[in-house]
Amino acid sequence: ASALAVATVVACRAPKQPIKIGVVFFNRNAPAAFMAAEEFNAAGGIRGRFVQIVRDTIPSSAEPADVEIQRARSIVAKGPVAVVGHGGSRGSLVAAPVYNDARVLQIVPTGTTRLLARAGEWTLPLPPNDSLEGAFIASFVRERLRARTVVILYQSDEYGVGLRDGVVAGLAGSGARVLREQRFDLSSPMDELVDAAVRGQSPDVVVVAGRTPSTV
């Protein structure tokens with residue numbers, strides 16, 4: 001349905017106009033989008049129309065509370081038929097209403113929160129959601145590690161909370177018991193949190209539901 005929507009929008013544009021694709025993603029990943037567009041264009045484009053990558057113009061100094069909304073509005077103003085982004089669950093969720101109101105397809109390559117499935121018919125998450133990731137982790141804890149007691153540390157954002165919920169649901173009724181669920185954020189002293197979470201409980205396994213930069 002989403003692919004058909006994009007095709008319909010593209011067909012309604014003037015034949016010689018480029019097909020604009022917005023990329024609202026991490027700067028380190030943007031070159032790949034430009035390379036892909038160059039390959040399409042070198043081969044004659046899409047049905048004779050060139051692909052044009054458009055980026056937002058919001059400075060990095062913008063307020064973090066609404067920067068994702070600003071970026072989405074900046075991209076929509078450029079008239080794309082689709083957008084790849086944003087870079088994670090929270091940014092993608094915040095920006096989704098902007099794209100849905102504008103009827104611009106939002107392709108989310110890295111956001112995993114299950115809430116994206118309800119963000120609107122123009123939002124298309126690609127990876128498995130956090131409930132499936134959590135179920136996989138829970139299965140590994142039960143079947144490979146044979147754990148009976150578990151402590152879960154989870155990052156305080158959509159990704160961490162969703163992953164925690166998936167792990168807890170996956171362990172339910174399995175005989176493995178969750179002793180404690182401890183929230184953390186980017187500024188948390190992880191060594192101290194882990195020490196406090198396991199002190200006096202000696203869990204078989206500690207599960208950290210968060211991104212790599214926040215857990216090392």
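Four bridges join strand S1 (residues 19-24) to S3, and the two strands run parallel. Strands here are DSSP runs of E with at least two residues, helices are runs of H or I with at least four, and both are numbered from the N terminus. Two strands pair if DSSP finds at least two bridges between them. Within S3, Ala-82 is the bridge partner of Ile-21.

This is a predicted model, where local features need pLDDT of at least 70, side-chain atom pairs count only at pLDDT 80 or more, and totals for chains, interfaces and linings use all residues. Residues are numbered from 1 along each chain as its sequence is written, and side-chain values use heavy atoms, with hydrogens and water left out.

**The five-stranded sheet**

S1 and S3 belong to an open sheet of five strands, ordered S2-S1-S3-S4-S5 with parallel pairing. S2 and strand S5 (123-125) are its edge strands, and each pairs on one side only. On average, neighbouring strands of this sheet are turned by 25° against each other, direction ignored. Axes are lines fitted to C-alpha atoms, for helices over the stretch in contact; angles run from 0 to 180 degrees between N-to-C directions. H4 lies across S1, S3, strand S4 (105-108) and S5. Contact means heavy atoms within 4.5 Å.

**The three-stranded sheet**

Another open sheet has three strands in the order S7-S6-S8, again with parallel pairing. Its edge strands are S7 (177-184) and S8 (205-209), each pairing on one side only. Neighbouring strands of this sheet are turned by 20° against each other on average, direction ignored. Seven bridges join strand S6 (residues 149-155) to S7, running parallel. Thr-149 has Arg-177 in S7 as its bridge partner. Helix H6 (residues 158-171) packs on the sheet and touches S6, S7 and S8. Helix H7 (residues 190-198) lies across S6, S7 and S8 as well.

Leu-153 stands opposite Gln-182 in S7. From S6 the chain crosses through H6 to S7, a right-handed β-α-β crossover. A crossover is right-handed if, with the strands pointing away from the viewer, the path from the first strand over the helix to the second runs clockwise.

The helix directions compare with the strands as follows.

| Helix | Strand | Angle |
|---|---|---|
| H4 | S4 | about 160° |
| H6 | S6 | about 160° |
| H7 | S7 | about 155° |

**Helix H3 against helix H4**

How far apart are the axes of H3 and H4? Helix H3 (residues 67-76) and helix H4 (residues 89-102) have axes 8 Å apart and pack at an angle of about 30°. That makes H3 roughly parallel to H4, a term for angles under 35 degrees. H3 passes H4 in a right-handed crossing, meaning that the near helix is turned clockwise from the far one by less than a right angle. The H3 side includes Glu-68, Ile-69 and Arg-73, and the H4 side includes Val-94, Val-98 and Tyr-99. The contact residues divide into nine nonpolar, one polar and two charged. Nonpolar covers Ala, Val, Leu, Ile, Met, Phe, Trp, Tyr, Cys and Pro; charged covers Asp, Glu, Lys and Arg; the others, Gly among them, are polar.

**Backbone exceptions**

Most residues other than glycine have a negative phi, and most peptide bonds are trans. His-86 sits in the loop between strand S3 (82-85) and H4.

Technical notes:
Angles under 35 degrees count as roughly parallel, over 145 as roughly antiparallel, 65 to 115 as roughly perpendicular and the rest as oblique.
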